[in-house]
Amino acid sequence: MLPATAAALAVLAALLAWPVPALLARARWPRRDPLVALVCWQAIGLAGGLSIIGALLVHGLAPWGHSLPEAAWSVLTGHPAEAPVRGDHWVTLTLAGVLATELVGVLLLSWLRTARTRRRHRELLELVVQPASLPDARLLEHPAPVAFCIPGARPLLVLSSGMVAELDDAQLAAVVAHERAHLREHHHLYLLPFVAWEAALPVLPAAARAHVAVRTLVEMRADDVALASLPGPAPRRTLAQAIVVAAGGAGGAGVPSGALAVTGSAVGVRVVRLIEPPSPLPTWARAAALLSAGLLLLVPTALLLLPAL
Amino acid sequence: MASLGDLERAVMDRLWSAEGPLAAAELRDGLADRGLALTTVHTVLSRLEQKGFVVHDDARPRRFRARGTREDHAAELMHEVLGQAGDRQAVLARFVGGVDPDEARLLRELLAAAGPDDAPR
């Protein structure tokens, strides 16, 4: 039983492991609507994990029943298998267990470690920073133009004195609005699974690709939210100027440049996007993208829960 | 009651603005408005020592001073917080990450080519 379901899930898993992320990473529409693209990436990640673990489970539990819930119930209540249990059933069951444990475990571990590092950094920074002219921003005495925020229950938004010195008030407001957007929309939570799964699955190129794409999209989204709150006559240009100033000075004065390969090209894309804004996605395209994301989650769920074909 | 974090900040501010090393009792007197017990001051100081912000000498009573200036610590922290781990693991969200000098120049040219300030586009 269940062979068609297991095969369908395996095909879906294979599609989500490589071609689908590759296509979405190369597509040009995400920069027209980063939020919708972020939803699509979350759906790809979730559906990918669900379908690969589901395919293994469905195959492994095949001797126990005609649908996954039925088979799982039989196993839990100690019913004997209806068909002979072969070695490959045990292998796939073990693989499903290992993979599920690894994905969930790495996610939890990554979350704990990140939260701990954030708390430590915040505690140390709070000893050194001083109030800044903008509300809820803090000033760190350093010549390099740097701005960042540490998310969490007690977020910390830090501007370096170099940043304050090199930007005018409107540009500084744009920087703060961008960082506030990260905090308000909890962008670190969008990133968390992709950071964790890149670490868990270094052999899967899609994991790294997804991480880079989500990182860039989150920055674009924060730019968009910031633009909506900026009063000046040309907010796009103001924000682009702030980005260029920060990019120009970040390498100097002994400040780590961070992950060059990741952020380098993303900064250029952001500036281009601000100077020459792409037309927003039409409503039908947004709806289609969101519908696809919904279906992507619905299909493996349905395959797992409905009786086997 | 103020949190330990608040007290740590207050003590560091004192030490940074002091002329020389201070004894715990002097710190307590300096922070008289907070009504701290001497043990509390010692607790705060030992936490700050653990964090690498404060060092003490071997005089009796021991006297404490900041290990570096506020700027020294800021530079050190900048390095630690913005290091590879922070960026890659999404510990923080940085406004603009590292860009190599070539790309930075390219971006400046791009912005300049886009027209003068406040030009409607």
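**Chat on chains A and B of a predicted model**

Author: Val54(B) is found in strand E2 of chain B. This is a predicted model.

Reader: Is Val54(B) buried or exposed?

Author: Val54(B) is buried: 21 other C-beta atoms lie within 10 Å, and the cut-off for buried is 20 or more.

Reader: What does Val54(B) touch, leaving out residues up to four places away in sequence?

Author: Its contacts are Leu15(B), Leu45(B), Leu48(B), Glu49(B), Phe64(B), Ala66(B) and Arg67(B).

Reader: How far apart are Val54(B) and Phe64(B)?

Author: In sequence they are 10 residues apart, and in space 6.6 Å, C-alpha to C-alpha.

Reader: What sheet is there in chain B, and in which order do the strands run?

Author: An open sheet of three strands, in the order E1-E3-E2 of chain B, with antiparallel pairing. Strand E1 (22-23) and strand E2 (54-56) of chain B are at the edges with a single partner strand each, so one side of each has no neighbour in the sheet.

Reader: How do E1(B) and E3(B) pair?

Author: E1(B) pairs with strand E3 (residues 63-66) of chain B over two bridges, in the antiparallel sense. Ala23(B) has Arg63(B) in E3(B) as its bridge partner. Helix H1 (residues 4-17) of chain B packs on this sheet and touches E1, E2 and E3 of chain B. The direction of H1(B) makes about 90° with that of E3(B).

Reader: Zooming out, how many helices and strands in chain B?

Author: Six helices and four strands. Along the sequence the pattern is α-β-α-α-β-β-α-α-β-α. Of the 121 residues of chain B, 32% count as buried.

Reader: And what share of its contacts join residues at least 24 apart?

Author: 46%, among contacts in chain B between residues at least 6 apart in sequence.

Reader: Which strand of chain B pairs with E3(A)?

Author: Strand E4 (residues 93-94) of chain B, antiparallel and over two bridges. Cys149(A) stands opposite Ala93(B) in E4(B).

Reader: What about H7(A), how many of its residues are buried?

Author: 12 of 16, so H7(A) is largely enclosed by the rest of the structure. Among the buried ones are His178(A), Glu179(A), Arg180(A) and His182(A). The 16 residues should span 22 Å at 1.5 Å a residue, and the end C-alpha atoms of H7(A) are 22 Å apart, which agrees.

Reader: What follows H7(A)?

Author: His186(A), with a positive phi near 55°.

Reader: Then H8(A). How many of its residues are buried, and which?

Author: 10 of the 14 residues of H8(A) are buried, so this helix too is largely enclosed by the rest of the structure. The buried residues include Tyr190(A), Phe194(A) and Trp197(A).

Reader: What do the buried residues of H8(A) pack against?

Author: Helix H3 (34-60), H5, H7 and helix H9 (205-229) of chain A, together with E4 of chain B.

Notes
Residues are numbered from 1 along each chain as its sequence is written. Chains are lettered from A and ligands numbered from 1 in the order in which they are written. This is a predicted model: local features need pLDDT of at least 70, side-chain atom pairs count only at pLDDT 80 or more; totals for chains, interfaces and linings use all residues. Two strands pair if DSSP finds at least two bridges between them. The expected span of a helix is 1.5 Å times one less than its number of residues. Two residues are in contact if their C-beta atoms, placed from the backbone, lie within 7 Å. Axes are lines fitted to C-alpha atoms, for helices over the stretch in contact, and angles run from 0 to 180 degrees between N-to-C directions.
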